[in-house]
Amino acid sequence: MSRAPQDAVEAPAAPEAAQAIDWDALDGAALAVRERAHAPYSGYWVGAAILVRSGRVFAGCNVENASYGLTLCAERSAIAQMVAAGERDPIALTVATSGPVLGSPCGMCRQTLAEFAVDLPIRLIAAGGGSVAPRLTSLAALLPEAFGAAALSR
Ligand code: THU
């Protein structure tokens with residue numbers, strides 16, 4: 001796997017796992033599912049693909065609603081696919097949006113991801129955007145000091 005110089009790692013998440021990740025395949029899954037987004041209100045199509053430790057990939061797109069507030073983000077859509085399939089151990093995520101500004105998981109999605117991973121490498125890419133450099137970040141960088149179930153222990 002080659003990595004472009006601009007793919008700076010902000011905060012490496014589980015570096016031993018990151019080396020084994022087929023980012024090209026994960027990017028492809030995120031770009032493909034993005035084509036199925038239901039986003040007639042925002043016109044902003046998002047695709048997310050999660051790689052789990054077993055090697056399976058779960059993809060999700062945003063699903064908007066005429067009520068607006070019921071919108072489901074691509075990341076939580078992918079998480080739901082993962083959990084429904086009986087998997088709970090994500091090791092990498094790619095999020096594909098339109099360019100030229102790279103998207104980033106919203107706060108609600110960051111917290112939902114934190115339910116299943118302490119840290120996670122997250123690659124942000126732009127669809128059809130050869131001119132937009134991908135960015136590699138991590139859940140720990142995007143959601144430091146996350147609220148977790150440990151706080152609920154009594
Ligand atoms: N969206 C996502 O799917 N993921 C994010 O992390 C941010 C926003 C979607 C929700 C809505 O359908 C559209 O992008 C505009 O906010």
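This is a predicted model: local features need pLDDT of at least 70, side-chain atom pairs count only at pLDDT 80 or more; totals for chains, interfaces and linings use all residues.
Tyr41 counts as partly exposed because its relative accessibility is 41%, where partly exposed lies between buried (under 20% relative accessible area) and exposed (over 50%), with a 1.4 Å probe and protein chains only. Tyr68, at 55% relative accessibility, counts as exposed. Residues are numbered from 1 along each chain as its sequence is written, and side-chain values use heavy atoms, with hydrogens and water left out.

The structure holds 1 aromatic pair, a term for rings of Phe, Tyr and Trp (its six-membered ring) whose centres lie within 6.5 Å, with planes under 30 degrees apart counted as stacked, over 60 as edge-to-face and the rest as tilted. The ring centres of Tyr41 and Tyr68 are 5.5 Å apart and their planes meet at 40°, so the pair is tilted. Distant parts of the chain are linked by this pair, with Tyr41 in the loop between helix 2 (23-34) and strand 1 and Tyr68 in the loop between strand 2 (57-61) and helix 3, 27 residues apart. Helices (H or I, at least four residues) and strands (E, at least two) are DSSP runs, numbered from the N terminus.

As for confidence, the protein averages a pLDDT (the predictor's confidence in each residue, from 0 to 100) of 90, and 87% of the residues score at least 70. Over residues 1-18 the pLDDT is below 50, and this stretch has 24 contacts (heavy atoms within 4.5 Å) beyond near neighbours in sequence.

Turning to the interior, a nonpolar core is a set of buried Ala, Val, Leu, Ile, Met, Phe, Trp, Tyr and Cys residues joined through side-chain atoms within 4.5 Å. The largest one has 18 residues, of which Ile50, Met82, Leu93, Leu113, Leu120 and Ile122 touch the most other members. Two or more residues each come from strand 1 (47-52), helix 3 (74-84), strand 3 (90-97), strand 4 (121-126) and helix 5 (139-142). Helix 3 gives the largest share, 4 residues. Another core, of 12 residues, lies apart from this one and includes Ile21, Ala92, Ala96 and Leu136.

Helix 3 deserves a look of its own. Its buried residues are covered by elements including strand 1, strand 2, strand 3 and helix 4 (107-114). Glu75, found in helix 3, is buried yet has no salt bridge, and the nearest side chain of opposite charge, Arg76, is 6.5 Å away. After helix 3 comes Gly86, with a positive phi near 85°.

Elsewhere, the structure holds 3 salt bridges, each a side-chain nitrogen of Lys or Arg within 4 Å of a carboxyl oxygen of Asp or Glu. Arg123 and Asp27 form one of them (2.7 Å, N to O). Arg123 lies in strand 4 and Asp27 in helix 2, so this bridge ties together parts that are 96 residues apart in sequence. Arg123 counts as buried at 12% relative accessibility, and Asp27 counts as buried at 8%. In the salt bridge of Arg53 with Asp89, the closest N and O atoms are 2.9 Å apart. Arg53 is exposed at 54% relative accessibility, whereas Asp89 is partly exposed at 33%. Arg56 pairs with Glu87, their closest N and O atoms being 3.4 Å apart.

Conventions. Lys and Arg count as positive and Asp and Glu as negative; His and the chain ends are not counted.
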